[in-house]
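I opened my notebook to look up a few residues and how they sit in the fold. Here is what I wrote down, entry by entry.

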Amino acid sequence: MSSDADRSHMRISDADRAAAAERLRIAVDEGRLDLTEYDTRLRSAYAATTYGELEPVTADLPPAPTVPAVKQPAAVAERHKWLNEWREWLGGAIIMIAIWGTTSLVSGSLHAFWPAIPLGIWAAVLVAGALGKGKKE
């Protein structure tokens, strides 16, 4: 039988990382984390290799609710989905711009702003999806 101390050294799975990421997303939706702290914790969650590294990422958050208290109307749920898609885009933008800025800083010269290409394509897909949903209704 293993103790909790032994578990902290056990390797985690992608599913464990995804569960932590989902808990962080819920915490942002609940207003418990701001986007900067969410980004920092999300990076830590995906970089973690053991339970000991992963557990502190969500240790100060209450357990996620298992069942919503009130069923949201479809329009509100759709709006939240739309906001979450753009929140994910913003998180990706922060990460890509940080990589671009860091590499430019380390090299000592300003590189071409390559994040504009994937972010522009991603934004176009989100806008096209939103416009396409409007035509179906």
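**Entry on Asp 39.** I looked up Asp 39 and found it buried, because its relative accessibility is 11% (buried means under 20% relative accessible area, exposed over 50%, partly exposed in between, with a 1.4 Å probe and protein chains only). Asp 39 sits in helix α3, residues 35-47 (helices are DSSP runs of H or I with at least four residues, strands are runs of E with at least two, and both are numbered from the N terminus). Setting aside neighbours within four places in sequence, I saw Asp 39 in contact with Gly 91, Ile 94 and Ile 95 (contact means heavy atoms within 4.5 Å).

**A note on the model.** I am reading a predicted model, where local features need pLDDT of at least 70 and side-chain atom pairs count only at pLDDT 80 or more, while totals for chains, interfaces and linings use all residues. Residues are numbered from 1 along each chain as its sequence is written, and side-chain values use heavy atoms, leaving out hydrogens and water.

**Entry on Ala 27.** Is Ala 27 buried or exposed? I noted Ala 27 as buried, at 0% relative accessibility. Its place is helix α2, residues 14-29. Beyond residues up to four places away in sequence, Ala 27 touches Arg 32, Leu 33 and Leu 61. I also looked up Pro 62, which is 35 residues from Ala 27 along the chain, with 8.8 Å between the two C-alpha atoms.

**Entry on Ser 104.** I found Ser 104 in helix α5, and at 7% relative accessibility Ser 104 is buried. Apart from neighbours within four places in sequence, its contacts are Ser 109, Leu 110 and His 111.

**Entry on helix α4.** Which residues of helix α4 (residues 51-58) are buried? I listed Tyr 51, Leu 54 and Val 57. These residues lie on the same side of α4, because they cover an arc of only 120 degrees around the axis (the arc is that of the directions from the helix axis to the C-beta atoms).

**Entry on salt bridges.** I counted 10 salt bridges, each a side-chain nitrogen of Lys or Arg within 4 Å of a carboxyl oxygen of Asp or Glu. One of them pairs Glu 55 with Arg 7, the closest N and O atoms being 2.8 Å apart. Glu 55 is in helix α4 and Arg 7 in helix α1 (residues 4-7), so this pair ties together parts 48 residues apart in sequence. Glu 55 is partly exposed at 38%, and Arg 7 is partly exposed at 34%.

I then turned to Arg 25 and Glu 22, whose side chains form a salt bridge at 2.5 Å, N to O. Both lie in helix α2, 3 residues apart, about one turn of the helix.

Glu 37 and Arg 41 also meet in a salt bridge, at 2.8 Å from N to O. They are about one helical turn apart, because 4 residues separate them in helix α3. An α-helix has 3.6 residues a turn, so residues three or four places apart point the same way. Glu 37 is partly exposed at 33%, whereas Arg 41 is buried at 12%. Elsewhere, salt bridges that share partners join Glu 22, Arg 25, Asp 29 and Arg 87 into one network.
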